[in-house]
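Q: I'm new to this one. Can you walk me through its charged pairs?
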Amino acid sequence: MKKSLKILLAVCASLVVLCLTVAIAATILVDPNAYKGEIVRLVREKTGRQLAFEGEIELNFFPYVGFSVGPVALGNGPGFSSPEMVRIKRAKVSLDLIPLVSGRVCVGKLVLDGLSVHLDKNAEGVGNWEALAGAQDAAAETASPNGPADSDGQSVTDDDGGLNLEDISVQGVEITDAGLVYMDAQQQSVTSVGNLNLTLGAIHGTDAIPFALDFNLVSEQPKLALHPKLSGDIRLAPAARTVTLDNLTVSALGAQLSGRLRAGMRNGEPQFSGTLRLADTSPRDLLDKLGITLPETSDPSVLERLSAEIQFIGTSDSLQLNSLTAKIDDTTMSVQGAVINFHAPKISLAMQVDGIDLDRYLPPPAESEPASGVVQRAADSKPARPEQEPDLSALRDLTLDARMAVGGLKVRNVKASDIRIAVNVHDGVLCVSALSLSLYGGRFEGRATLDANGQDVSWAGQGSLQGLNTLPLLHDLLGRDVLSGAASVDFNLTGSGLTAESVKKSVCGNAALSVTDGAVVGVDVAKMIRDGLNQATGDDAEDGEPGDFEYSRLSASATLKNGHLVNDDLELDSTLVEASGAGWADLPGNSTDYKAMVTVVGSLDGLEGELLETVQGVPLPLHVQGKLDQPLVGLDTEAVGKLFVTAGVNAGLDILVDGLLGDAPDDSSLDGDEDSESDEYVDRDTSGEGRDSLLDVLF
């Protein structure tokens, strides 16, 4: 046994001496610079490019056998701006000979300093790298195969006859002061990567390989200037054919991303997956550093906080989002989804949002007109650009199944909660199959469709809102109290086009409204009736603030055809008046003409005796006309006058009939004598004084 060991040691020692002898002889006897001309000739034959050695090639002996080379440049092709495509200042590689005896390859640190690459695309769209790629493809076609290939196109080798990753080790890789410039003559843009530094730790088998990378990135289109830094561990798994980046950290523009990425092959297809976390950062600062100016927002403190975590898995033609959780300012959202077939996407999506105040992100309210009231002349102002219909052709190639739930939403000061929406897109038709939300004590349920296949987009929508408290809704929307009551709304509408004008011109269908136990704030119907009567009789209108008009029920329905709305069943019930109405509104023309007949059924303060009995039970016409956005509302005074004339004539006829029957009051009663003793007439009807006074006024 001892003898065998001695023989083995002697053989090893002999091999070491042999290797050292060969290395020393090569260093002394071989001049690598003598082969420069041959190397230059081979490069020119294979690529058509000129290779220039500007420095010496040096062989190293200790501690490893290796060589280093000084400045080297590879010329560019004809017709490109830069004379050189690649240049290096210095490169160094070495090899430990002794491990070769046992079938292992031990490489020293690989050093590459001052690498500079110029990639050019000329005005014809041809890149300076394409000729090199063509030369390599031609060489690959003429080369004889090493052996059969597997299903992934990889050469199959004998496991017992080749090296594996465990047999190879590298002390490290060091790339310093590298750069790349990409010039695109067609886009007239230049993108550059400069001051690139990459270090890799020891590479051995499946051990983790620490790395660090940083560089400067400058782009003209889009305008960009970054100095990102990356670090982490690389893990190679040849058996599983995967590469993993562990403990990954990326920092740029004050933002930091961390996590884990993995890439490999599965069933012959590339696959990747990862988990990434974005540390709390300011989107506003990030966009500002990117040269992007945000529009002014109502709340200047928004977009100051953003954090997120994402888990995903994908292939070359699909992406599955296992989870995405993001917190923007005070809003938290979570998303799950998948995209299949990037060319004709099939998307599934589910989103949950706890609550968001969109008013904070909208532009601030427009400033009011100057106090002087000076308005620029119409001739000096630019005409408004007509609205353009949105291009929805992308819907034809999209398949979507999306679900969204929002806990709370505030927009234009209107608040909604428990919002749930389901959206599907198939064959160019978008369908909101379910939409529900809670709104000021009420609940809305609806659905809608949008067909983008025709020349003009067509749409349809129907819904029902029950139990709505109108007072706080209209107060939040308009900034003042307008109408109170419990409302229900139902509608079923169709139309075409999505601009405001298109919708107004095309909308058809029907709608219905019912409001119970409410009041019209600031609309004093009693005062309007008194003022109308006073105006008809020549008296002045009353002073004082108007009160509210309370009602028990208000209902109406409407039919719409091409933007023309018709209503003929308005009904209003209250302890004071009853009303019915009919009329029309032209949405495209922004005009309306509507008449409601108001009948007094209760007592009116300020109207007593003969005048009260005159108006009770008599329908008084209320007229709404003019512009829809600024309608004129009031009593139809001409019709009121006619009613009074009719009332006066009827009173005179009563007196005449009574006189013919021998039961008329004396002359003094016709003259308004307060001492008239005509009690029978008074009891049966009303006093002659009241009638006479009314007739005097009217005639």
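This is a predicted model: local features need pLDDT of at least 70, side-chain atom pairs count only at pLDDT 80 or more; totals for chains, interfaces and linings use all residues.

Q: How many salt bridges does the structure hold?
A: It holds 21 salt bridges.

Q: Let's pick one. What do the side chains of Arg235 and Asp246 do?
A: They meet in a salt bridge, at 3.2 Å from N to O.

Q: Which strands do they lie in?
A: Arg235 is in strand β14 (residues 229-237) and Asp246 is in strand β15 (residues 242-252), so the pair ties together parts 11 residues apart in sequence.

Q: Is Asp246 buried or exposed?
A: Buried, because its relative accessibility is 14%, under the 20% cut-off. Arg235 has 37% and counts as partly exposed.

Q: Next one. What does Lys410 form with Asp359?
A: A salt bridge, with the closest N and O atoms 3.0 Å apart. This pair links distant parts of the chain, 51 residues apart. Lys410 is in strand β23 (residues 399-411), while Asp359 is in the loop between β22 (356-357) and β23.

Q: Are those two buried or exposed?
A: Both Lys410 and Asp359 are buried.

Q: And Arg553, which residue does it form a salt bridge with?
A: With Asp573; the closest N and O atoms are 3.1 Å apart. Arg553 sits in strand β30 (residues 549-561) and Asp573 in strand β31 (residues 564-573), 20 residues apart.

Q: What is the relative accessible area of Arg553?
A: It is 27%, so Arg553 is partly exposed. Asp573 is partly exposed too, with 25%.

Q: Changing topic: which residues do salt bridges with shared partners join into one network?
A: Asp299, Arg305, Asp330 and Arg360.

Notes:
Residues are numbered from 1 along each chain as its sequence is written. Side-chain values use heavy atoms; hydrogens and water are left out. A salt bridge is a side-chain nitrogen of Lys or Arg within 4 Å of a carboxyl oxygen of Asp or Glu. Helices (H or I, at least four residues) and strands (E, at least two) are DSSP runs, numbered from the N terminus. Buried means under 20% relative accessible area, exposed over 50%, partly exposed in between (1.4 Å probe, protein chains only).
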